Amino acid sequence: MTTPSITVSSDPQLQYLLRLADTCLIHAQRLAEWCGHAPVLEEDIALTNLSLDLIGQSRALYSHAATVEQRLTGVARDEDAYAFLREERDYRNPTLVELPLRRGISGPAEDFAGTVLRNLLVATLLKQVWEALSAPGGTADAELAAIAAKSLKEARYHQQHSADWVVRLGDGTEESARRLRDALQRQWPYVAELFESDATDAAAAAAGLGPRMADLRAAWEAEIGAVFTAAGLTRPKSTPFRSTGRQGVHSEHMGFLLAEMQSLQRAYPGGVW
Amino acid sequence: MSNDSNTSNATLPRNEWPLWEVFVRSKAGLDHKHCGSLHAPDSAMAIQLARDVYTRRQEGTSVWVVRSEHIVASDPGDKDMYFDPMEDKVYRHPSFYKLPDSVDHM
């Protein structure tokens with residue numbers, strides 16, 4: 001017997017929160033694949049630490065989403081219900097964060113260079129999001145502003161640590177630079193989705209909940225550009241490809257990730273430590 | 001990153017990072033205490049990794065790192081010469097003074 005899935009409200013305010021929470025959670029799940037496998041002990045602990053920070057951020061956001069949804073629909077849920085009991089189509093993270101890091105469906109996926117690059121792209125985005133939300137007047141939602149202020153401290157470290165690694169690898173040996181360039185070519189097509197505007201984004205911005213992702217692009221590009229310059233990387237050209245994870249339409253990798261992530265909660269309903 | 005004067009990797013094998021000793025100050029006003037060591041490619045990364053390895057449970061407010069090779073240690077073979085002669089000289093402890101009552105914590 002397995003636990004049945006939940007269906008969440010399509011209210012844009014709730015969806016805006018879930019997009020942020022899902023981005024943190026799924027990115028954390030991928031980073032956690034490195035636990036016990038990083039090239040050195042110290043970095044193993046660092047990557048796991050980042051993952052735990054992100055899980056903490058997603059927990060805060062899911063708990064807040066639960067309050068918002070209860071206000072909207074009267075249905076009471078907890079953070080675990082959002083994290084573990086939704087169907088794939090109800091996850092709203094951008095596709096970039098669900099792409100495998102260590103283990104692909106049929107063999108290795110990203111290497112360490114691809115991991116620190118992914119970390120840089122995502123941490124820089126989250127840092128911009130938390131900065132915007134924690135700024136005075138950044139959101140009409142006091143709870144979200146508080147979560148953002150707390151998360152910003154962590155995101156600043158994640159961004160610095162990953163930027164330092166990208167510069168080291170880009171400015172390192174011929175092999176490390178090549179691996180980093182290859183990773184950038186693989187991942188860059190998924191960047192466009194991060195900043196796409198849609199009805200959910202527009203409605204949340206109009207309601208004063210937070211910025212449209214498109215509004216953060218210029219600052220993100222500036223910060224990423226500075227790191228790329230120091231690392232000797234060239235920003236790839238944009239491509240017409242658009243991933244659609246934020247709409248709930250995911251890559252072929254998402255189902256495998258969720259199967260692993262949800263199996264315990266599905267098999268042991270309400271299981272706790 | 002490469003202009004790190006505290007890092008001279010000339011003697012290290014290319015596939016190994018140098019060792020750093022980590023000192024953490026737990027509260028303002030207290031001393032930095034040695035808490036362990038780690039490997040890191042340079043001082044900036046050593047500080048970052050020290051944050052992850054040694055202060056993830058709120059242990060610190062400040063971190064020092066120093067290359068282990070820069071620490072000069074006494075030779076364990078010289079222990080007799082250096083430390084044993086102090087054993088029978090209790091008069092070097094300030095324990096023979098009478099303190100006035102008003103001095104509480106000495």
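Predicted model: local features only at pLDDT ≥ 70, side-chain atom pairs only at ≥ 80, totals over all residues.
**Stop 1: chain A**

Select chain A and colour by secondary structure. Chain A has 10 helices and two strands. Read from the N terminus, the order is α-α-α-β-β-α-α-α-α-α-α-α. The radius of gyration is 18 Å, close to the 19 Å from the globule rule for 273 residues, so chain A is as compact as a globular protein of that length. The C-alpha trace spans about 60 × 45 × 35 Å along its principal axes. Buried residues account for 45% of the 273 residues. Of the contacts between residues at least 6 apart in sequence, 76% join residues at least 24 apart.

**Stop 2: α2(A) and α5(A)**

Now select residues 41–73 and 142–170 of chain A, which are helices α2 and α5. Their axes come within 11 Å and cross at roughly 165°. An angle over 145 degrees counts as roughly antiparallel, and α2(A) and α5(A) are therefore roughly antiparallel to each other. The crossing is left-handed.

Show side chains here. On α2(A), the contact residues include A:A46, A:L50, A:Q57 and A:H64. On α5(A), they include A:L144, A:I147, A:E154 and A:H161. The residues of this contact divide into six nonpolar, five polar and three charged.

**Stop 3: the side of chain B that touches chain A**

Which elements of chain B each supply at least two residues to this side? Select β2 (32–39) and α1 (43–54) of chain B. In total, 12 residues of chain B are in contact with nine residues of chain A. α1(B) gives the largest share, six residues. Colour this side by residue type: eight are nonpolar, two polar and two charged.

Conventions:
Residues numbered from 1 in each chain as written. Chains lettered and ligands numbered in written order. Contact = placed C-beta atoms within 7 Å. Helix = DSSP H or I, 4+ residues; strand = E, 2+ residues; numbered from the N terminus. Nonpolar A, V, L, I, M, F, W, Y, C, P; charged D, E, K, R; others polar. Axes fitted to C-alpha atoms, helices over the stretch in contact; angles between N-to-C directions. Parallel < 35°, antiparallel > 145°, perpendicular 65-115°, else oblique. Left-handed = near helix turned anticlockwise from the far one by under 90°. Rg over C-alpha atoms; globule rule 2.2 N^0.38 Å. Buried ≥ 20, exposed ≤ 12 C-beta atoms within 10 Å, placed from the backbone.
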